[in-house]
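Hi everyone, thanks for coming.

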Amino acid sequence: MLASTLKPDLEQVPGRDTPVELVDENTGTLSQLDRQLILLTQEGLPLVSRPFEALAKQLGTSADEVKARFERMLASGCIRRIGAVPNHYKLGYKANAMTVWDVEDSQVHKLGQKLGTLPYVSHCYLRPRQLPEWRYNLFAMVHGKQKSELNACFREMTEILGDACRAHDVLFSTRILKKTGLRFRGDR
Amino acid sequence: MKPEIRNDERQPALSTLDKAVLSRYQKNFPRTSRPFLTIANELGCSEQEVLNCFQRLKQEGVISRVGPVFNHKKAGASTLAAIAVPNEHLERTAALINGFQEVNHNYQREHELNLWFVVTASDQDHLTTVIGNIEAATEMKVWCFPMVRPYHIDLGFRPEFD
């Protein structure tokens with residue numbers, strides 16, 4: 001039952017990336033040192049004058065090696081970016097909604113990419129439907145300073161999707177109950 | 001145990017340096033031996049000012065961290081998940097879910113499926129196990145919405161400062 005909601009989606013979609021362990025596309029695997037580096041920095045870099053040197057010391061390697069590994073993980077896409085990770089709420093973006101759309105499969109790739117370029121959309125993903133209870137396959141996170149501001153966003157999105165969209169829903173967030181960085185278990 | 005609530009209404013005043021840092025360094029954090037000095041040179045201030053700025057932004061919660069943003073997909077296995085919780089059980093269920101270290105986001109949303117959270121694990125087997133454990137702990141069905149395809153790559157966010 002649950003297994004059937006989880007696994008088939010992962011297996012049936014052609015061409016999707018295989019869900020993996022900490023794996024690098026080029027080498028087939030991330031080294032022990034890469035894993036340690038991820039574990040050590042998932043809560044952020046140390047805010048000291050020489051952060052890479054500080055990490056190197058903890059890992060028993062050189063700062064150059066640490067920097068080289070970051071470059072490699074950036075190049076492979078394992079790391080998307082390195083920098084300050086802002087908190088939308090604290091910057092005044094207090095209205096946030098998850099918009100979900102039932103978009104015709106034949107057009108969802110083209111239209112999903114269009115939604116993904118909108119300035120107020122922070123994430124836009126294709127996800128599996130869970131029929132009959134859940135008909136939506138396109139998910140887009142929308143951020144604004146006020147709830148009222150978001151209505152114009154929804155209208156624009158509706159226009160872009162046009163007839164290819166059969167239904168949509170907007171799920172406003174009412175509370176953040178937990179928000180932490182990505183965590184991996186360190187026991188592997 | 002009450003779930004942690006982070007909807008702090010207070011919005012800190014941002015200095016010119018804060019805004020410059022937030023606008024320019026969500027990506028391309030310098031990979032130099034003294035990155036804060038590199039930033040200081042680019043912005044025309046001192047290394048200590050830049051370090052103080054990042055430390056304070058972090059302390060005030062304006063940024064959650066300065067560091068790498070990992071691609072969950074390539075760096076492990078993850079899924080968006082949701083539960084439909086009756087209101088009277090909401091606090092207890094949220095606390096149970098938050099107790100899992102594999103859960104890194106949990107939002108209450110206005111919908112019958114009212115708790116939405118992200119589960120991240122080192123691999124698919126571990127992810128499946130954790131989902132099962134959450135179902136066992138909450139005695140509720142967990143709906144899974146794993147990402148099939150991204151249409152937007154998170155390269156940071158361009159805040160409009162008032």
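In chain A, buried residues make up 53% of the 188 residues. Buried here means under 20% relative accessible area, exposed means over 50%, and partly exposed is in between, with a 1.4 Å probe and protein chains only. Before I go on, what you see is a predicted model, where local features need pLDDT of at least 70 and side-chain atom pairs count only at pLDDT 80 or more, while totals for chains, interfaces and linings use all residues. As for bookkeeping, residues are numbered from 1 along each chain as its sequence is written, chains are lettered from A and ligands numbered from 1 in the order in which they are written, and side-chain values use heavy atoms, with hydrogens and water left out.

So, what is chain A built from? Chain A has six helices and five strands. Helices (H or I, at least four residues) and strands (E, at least two) are DSSP runs, numbered from the N terminus. If you read along the sequence, the pattern in chain A is α-α-α-α-β-β-α-β-β-α-β. Now take the contacts in chain A between residues at least 6 apart in sequence: 62% of them join residues at least 24 apart. Contact, by the way, means heavy atoms within 4.5 Å.

Let's zoom in on two helices. Helix α3 of chain A, residues 51-59, packs with helix α4 of chain A, residues 63-76, at an angle of about 105°, and their axes are 8 Å apart. The axes are lines fitted to C-alpha atoms, for helices over the stretch in contact, and angles run from 0 to 180 degrees between N-to-C directions. That makes α3(A) and α4(A) roughly perpendicular to each other; the cut-offs are under 35 degrees for roughly parallel, over 145 for roughly antiparallel, 65 to 115 for roughly perpendicular, and oblique for the rest. Who meets whom? On the α3(A) side we have A:F52, A:E53, A:L55, A:A56 and A:L59, and on the α4(A) side A:A63, A:V66, A:K67 and A:F70. By class, that contact has seven nonpolar, no polar and two charged residues. Ala, Val, Leu, Ile, Met, Phe, Trp, Tyr, Cys and Pro count as nonpolar, Asp, Glu, Lys and Arg as charged, and the others, Gly among them, as polar.

Stay on α4 of chain A for a second, where A:F70 sits. Is A:F70 buried or exposed? A:F70 is buried, with a relative accessible area of 1%. Leaving aside neighbours within four places in sequence, A:F70 touches several residues, including A:L37, A:F52, A:I82 and, from the other chain, B:P68. A:R72 lies in helix α4 of chain A too, but A:R72 is partly exposed, at 30% relative accessible area. A:R72 and A:D34 are 38 residues apart in sequence, yet 9.9 Å apart in space, C-alpha to C-alpha.

On to the strands. Nine strands form an open sheet, and the order is β5(B)-β2(B)-β4(B)-β3(B)-β5(A)-β2(A)-β4(A)-β3(A)-β6(B), with antiparallel pairing. Two strands pair if DSSP finds at least two bridges between them. Which strands are at the edges? They are β5 (143-145) and β6 (149-150) of chain B, and each pairs on one side only. Inside chain B, β2 (residues 77-83) is mostly covered, with six of its seven residues buried. β2(B) pairs with β4(B), residues 115-121, over seven antiparallel bridges, and three bridges join β2(B) to β5(B).

There's also a pairing of β1(A) with β1(B): antiparallel, over seven bridges.

The peptide bond from A:L131 to A:P132 is cis, with omega near 5°, and A:P132 is in the loop between β3 and β4 of chain A. B:N28 has a positive phi of about 60° although it is not a glycine. B:N28 sits in the loop between α1 and α2 of chain B, and B:N28 is exposed, at 54% relative accessible area. B:E139 isn't a glycine either, and its phi is near 55°; at 68% relative accessibility, B:E139 counts as exposed.
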